[in-house]
Amino acid sequence: MSQRTPFLLQFAIFALAVNAVLIQTVVPEESSLKTLVRFGAIAAAGMYILSSNARVPIWLTLTVLASLSLLVIRGNPDQLSIAFALVLAAALCAAPEKGLLTTFVAASWVAIALIFALLYSGLTQNAVQMVDIGPLGEVRIRSSYGTASVPFFYNVVYGVATLTLLRAWKTLSRWRWMLTAVCLGGAWHFYTTTDLRGGFIAVVAFAVLLAVVPVAARWPFVRPIFAALPVLLLGLAFVTAAARYVPGLNVTLSGRPQLYDEFLGRLSWDDIVLSSSVKQFDRIVGDRLTIVDNSYLHLLVGGGILVFSAFSFVFGRAVTRLYRERRFPEIAFLVATLLYCSSESILLRIENVFIVYTWYLVVKYSRSPSIDEPAPEAPEADRVVSLERAAAAAPRL
């Protein structure tokens with residue numbers, strides 16, 4: 001069976017990656033390009049589902065229909081992002097996994113290469129921004145690298161580092177530690193110029209988890225903690241909001257306790273039960289727009305309690321199956337990415353290719369293994385190490 005990613009899915013992944021960079025650099029945000037590319041990507045995914053006779057879980061179909069209904073009833077565009085993510089993930093689940101990861105790695109490198117190509121060609125300029133964290137008195141200096149959003153740039157850096165390392169730890173045995181050091185060095189360099197602490201901490205967390213998760217698999221209390229991570233991190237957001245008056249905490253967390261508390265104070269029950277667009281709760285402070293930098297508050301309100309519950313449930317199932325199949329690098333990736341999502345509202349930002357891969361892993365491994373699926377194989381790097389050990393233990397003639 002070929003491991004090559006089908007052309008329709010390659011088109012969807014690369015189109016999303018390139019479109020995200022263009023929207024953040026040379027194409028005006030009000031341009032219709034974003035909508036056109038999303039439509040093209042979802043059309044490609046739909047065509048692949050039909051042509052490959054891919055099996056779509058019933059819960060996913062019902063969730064998509066519910067999201068589209070709430071999109072119409074509530075006029076909530078966040079529901080469209082949820083439906084888009086689920087349909088794309090369903091199509092990706094029918095593709096060969098090894099080739100798919102390679103495609104995502106390539107798309108993430110294309111995105112960062114395009115950013116620097118536009119920068120060095122003079123089409124964009126590296127603006128140095130001085131960000132004042134509202135009334136907290138903290139001023140942070142950030143380089144934009146030609147993008148309209150510094151957090152978006154570090155999202156690209158995070159995707160490059162984590163997806164590259166994920167593939168390395170699944171396929172390499174000798175050079176993966178050296179590559180890990182290189183990726184950490186690159187993440188540190190861009191942290192010093194962008195001051196994006198959450199993204200850098202998440203890259204470091206991923207590197208640590210790659211080594212720790214296989215060892216921690218022997219500890220019975222770790223698996224349920226990882227499986228319940230969306231609920232735990234949502235609870236942490238509520239705790240953070242309640243601590244807005246703790247001295248120094250707002251400065252340390254870049255004003256998030258105050259933002260979370262004010263955001264929650266403007267909600268009503270129907271916003272949580274039936275969902276509402278998170279953008280309607282954004283407000284202008286001084287000369288800047290404040291948003292809630294938390295994916296779980298975004299998912300709870302933008303998707304509603306039912307969508308949040310569904311995501312939490314299938315995430316727990318996915319982590320359980322990944323543990324059962326000893327896919328430790330994927331567990332490390334999911335945990336690190338969800339930790340990153342607790343400091344940025346990115347879980348519904350499908351333009352980030354690592355977010356698309358996150359939804360793919362959650363949907364794919366939340367299902368029970370199909371009868372016609374091959375038995376899970378150990379990662380290639382583990383097989384290489386096992387062969388080396390077997391050769392060393394073989395009797396010499």
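Tutor: Helices H1 (7-23), H5 (97-120), H6 (150-171) and H16 (353-365) each supply at least two residues of the lining of the largest cavity. Helices here are DSSP runs (H or I, at least four residues), numbered from the N terminus. This is a predicted model, where local features need pLDDT of at least 70, side-chain atom pairs count only at pLDDT 80 or more, and totals for chains, interfaces and linings use all residues. Residues are numbered from 1 along each chain as its sequence is written, and side-chain values use heavy atoms, with hydrogens and water left out.

Student: Which helix gives the largest share of that lining?

Tutor: H6 does, with four residues.

Student: And what lies nearest the centre?

Tutor: Ala-111, Val-156, Glu-351, Asn-352 and Val-353, out of 14 lining residues. A cavity is a set of points, on a 1 Å grid over the protein atoms alone, where a 1.4 Å probe fits but cannot get out, and lining residues have an atom within 4 Å of a point.

Student: What's its volume?

Tutor: The largest cavity has about 100 Å³. Volume means the space filled by probe spheres set on the points, with grid points joined across faces, edges and corners.

Student: How many cavities of 30 Å³ or more are there?

Tutor: Four, by this rule.

Student: New topic: at what angle do H2 and H4 cross?

Tutor: The axes of H2 (residues 33-52) and H4 (residues 78-92) cross at roughly 40° and come within 9 Å. Axes are lines fitted to C-alpha atoms, for helices over the stretch in contact, and angles run from 0 to 180 degrees between N-to-C directions.

Student: Which residues meet there?

Tutor: In H2, they include Arg-38, Ala-41 and Tyr-48, and in H4, Ser-81, Phe-84 and Leu-88 are among them. Contact means heavy atoms within 4.5 Å. By class, this contact has ten nonpolar, one polar and one charged residues.

Notes: Nonpolar A, V, L, I, M, F, W, Y, C, P; charged D, E, K, R; others polar. 1 Å grid on protein atoms, 1.4 Å probe; cavity = no way out; pocket = protein on both sides within 12 Å on 5 of 7 lines; lining within 4 Å.
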